[in-house]
Structure formats: C-alpha cells, structure tokens
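Please look over the structure before reading on.

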Amino acid sequence: MATKPVIFVVGYGPGISEGVAELFASKGFKVGIASRTESKLSAASESLNAKGATVATAVIDVSSNPSVIYGLSKLTIALGAPNVLVFNVGSNGPPGTDLGPKPLEEITPEIFEKHWRISALGALHVARWSVDHLVPFDGKKTLIFTGGGLAKDPRPNHAGLAAAKAAMRNLSRVYYNVHKPNGLHVGLVTVRGFVTPESDKWSPKLIAEQYWKLYEEKDPESWTWEIDY
Ligand SMILES: NC(=O)c1ccc[n+]([C@@H]2O[C@H](COP(=O)([O-])OP(=O)(O)OC[C@H]3O[C@@H](n4cnc5c(N)ncnc54)[C@H](OP(=O)(O)O)[C@@H]3O)[C@@H](O)[C@H]2O)c1
C-alpha cells in the first residue's frame, strides 16, 4: 500500500486551519493538528475522523520552544514525519482583551511583546523544527505561513499585531531564500480580508485552496513565495 503524505497544521481552530486540514485530508493526507486547547482539539479530531481523515492532536503553545518541540514530536510519533507544515497561528484577540484591537497609546511594551512572542517568535520556533524534520513527498517538502494584510497595511488599532505579522512575513522570506536550494518550499498566504464561511472570497474553504496551490508547485524554478489573497 502506498504511504500517505502527512500535514501538520499548527494553530488550529474553526477558521482557515479547518479549511486547510479538510482539504488536505480530502486529498489523502494524514493530518496532525495543534493549538493550546485540548478540548477544542478533541472535538476537531472527531469531526475530521467522521469525514474519513486519519488525525492526531497535540497541545502546543508556539511561544514556548520546548512546547513546540514536544508537541510536534508527539504528532510525528503518531503519524510519521510531516511533508507539509502550516504555521497558522496569529496573535489576534477579541475586543476588550490584551491582544484585541486598541488605540496606539494603549499598546504597552508588555502587549507588544506578547504579540511578538506568539506571531513572530512562535513562527521561528516552528520554522526551526520544520527545517530539521520535514521530509520530501513527491519530490518536495513544504512550509507555509498564514499572514495577514496588516503586515503590509498596518492600522492604528492593531499596531502590535501588525508589527508582529510583518516580522513573521519578513522571516518567511528569509526562510524561502535560504532553503529553496535544499528542496524546501517556504510559502506565505497573506489573507487580506475578514474570514467567514459565508464569504465568496475569504471563506476557509476558498482560502485553503491557496495552500494547495503552493503545495502543488513542483518545479523550484516556478515556486511562489507569497500569495496575496
Ligand atoms: N480571521 C480573520 O479574519 C483573519 C484575517 C487575516 C488573517 N488571519 C490570520 O489567519 C490565521 C488564522 O486565523 P483564523 O481566525 O482563521 O484562526 P483558526 O484557523 O480558526 O485558528 C487559529 C488557532 O490558533 C490557535 N492559537 C492561538 N495562539 C496560539 C499559540 N500561542 N499557540 C498555539 N496555537 C495558538 C487558537 O486556538 P487556541 O486558542 O486553542 O490555542 C486558534 O483557534 C491567523 O494567523 C490570523 O492572523 C485571519
């Protein structure tokens, strides 16, 4: 029996990540999903299982390097080494919370640092692990980051998130340049709109197709770094 490819999605919830996991599962991938909330992961795993997917879960907080290493190793033991990894975490929070939208003068150093630890340092933790552990399938290995429009067009009420997303975008470009010769395709899907299932552009289903497009680019000469969507 042919070996099935494996994708890990780090930063799992009901939005983009669910769309990506469902799409790759429908194409025959085994799926590892990770975020900080065990109960949400168990429910998501049951729902993916019910759709025929092979799934493993791990509790990970990407701002902690030991947590990333432990959780991604756990997924590898369960499913095998990944061929594709998606870093989907964003440090955006709901209004009224530390990480929610707020005027520039309320962005304290502590809040700014929190955004950076999740969206930027978290991306580095996961990218470093990925470089060491992704294995090729069908000739390539793939690491994809989820970006946001704020990285390019920052708005005053999202200064902390925008700066951290810009750092992550920059980091992903360096990873793309450095690892292209090593057969690792690093991509970035910059999502420019508000994600809802009803949107005729920014639904998780339609956004997930952008990740599949990057995965399907087999010839390094025509690899895309960023899809601005
Ligand atoms: N939603 C939008 O409108 C929108 C627009 C543009 C860009 N984006 C970007 O798209 C990505 C996905 O957004 P989404 O809203 O669709 O989310 P999603 O895929 O539904 O879920 C992302 C998950 O990441 C997890 N997470 C948060 N902090 C984490 C941490 N420190 N370590 C590990 N996991 C963590 C959260 O679960 P736990 O709380 O359980 O950990 C959350 O459910 C983000 O990078 C976001 O910035 C979103």
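In what order do the seven strands form the open sheet? The order is β3-β2-β1-β4-β5-β6-β7, with parallel pairing. The model is a predicted one.

**Sheet**

- The edge strands are β3 (55-59) and β7 (226-228); each has a single partner strand, so one side of each lacks a neighbour in the sheet.
- From one strand to the next, the twist averages 15°.
- Five bridges join β1 (residues 6-10) to β2 (residues 30-35) in the parallel sense. Within that pair, I7 has V31 of β2 as its bridge partner.
- β4 (residues 84-87) pairs with β5 in the parallel sense over four bridges. Here V84 lies opposite T142 of β5.

**Strand β5**

- β5 covers residues 141-148, and eight of its eight residues are buried.
- K141, L143, F145 and G147 point one way from the strand, while T142, I144, T146 and G148 point the other way. Both sets are buried.

**Nonpolar core**

- In soluble globular proteins, nonpolar side chains tend to be buried together.
- The largest nonpolar core here has 59 residues, and the members that touch the most others are I7, V9, V10, I33 and V86.
- Leaving aside residues up to four places away in sequence, V86 touches I7, V9, V10, V20, I144, T146 and Y211.

**Helices α3 and α4**

- Two packed helices are described by the angle between their axes and the distance between the axes.
- For α3 (residues 65-79) and α4 (residues 109-133), the angle is about 40° and the axes are 9 Å apart. The two helices are therefore oblique to each other.
- Their crossing is right-handed.
- On the α3 side the contact is made by N65, V68, I69, L72 and T76, and on the α4 side by H125, V126, W129 and H133.

**Residue D138**

- D138 sits in the loop between α4 and β5.
- Is D138 buried or exposed? D138 counts as exposed, because it has 10 C-beta neighbours inside 10 Å, and the cut-off for exposed is 12 or fewer.
- Most residues other than glycine have a negative phi. D138 is not a glycine, yet its phi is positive, at about 55°.

Conventions: Residues numbered from 1 in each chain as written. Predicted model: local features only at pLDDT ≥ 70, side-chain atom pairs only at ≥ 80, totals over all residues. Core = buried A, V, L, I, M, F, W, Y, C linked by C-beta atoms within 7 Å. Buried ≥ 20, exposed ≤ 12 C-beta atoms within 10 Å, placed from the backbone. Contact = placed C-beta atoms within 7 Å. Pairing = 2+ DSSP bridges. Axes fitted to C-alpha atoms, helices over the stretch in contact; angles between N-to-C directions. Parallel < 35°, antiparallel > 145°, perpendicular 65-115°, else oblique. Left-handed = near helix turned anticlockwise from the far one by under 90°.
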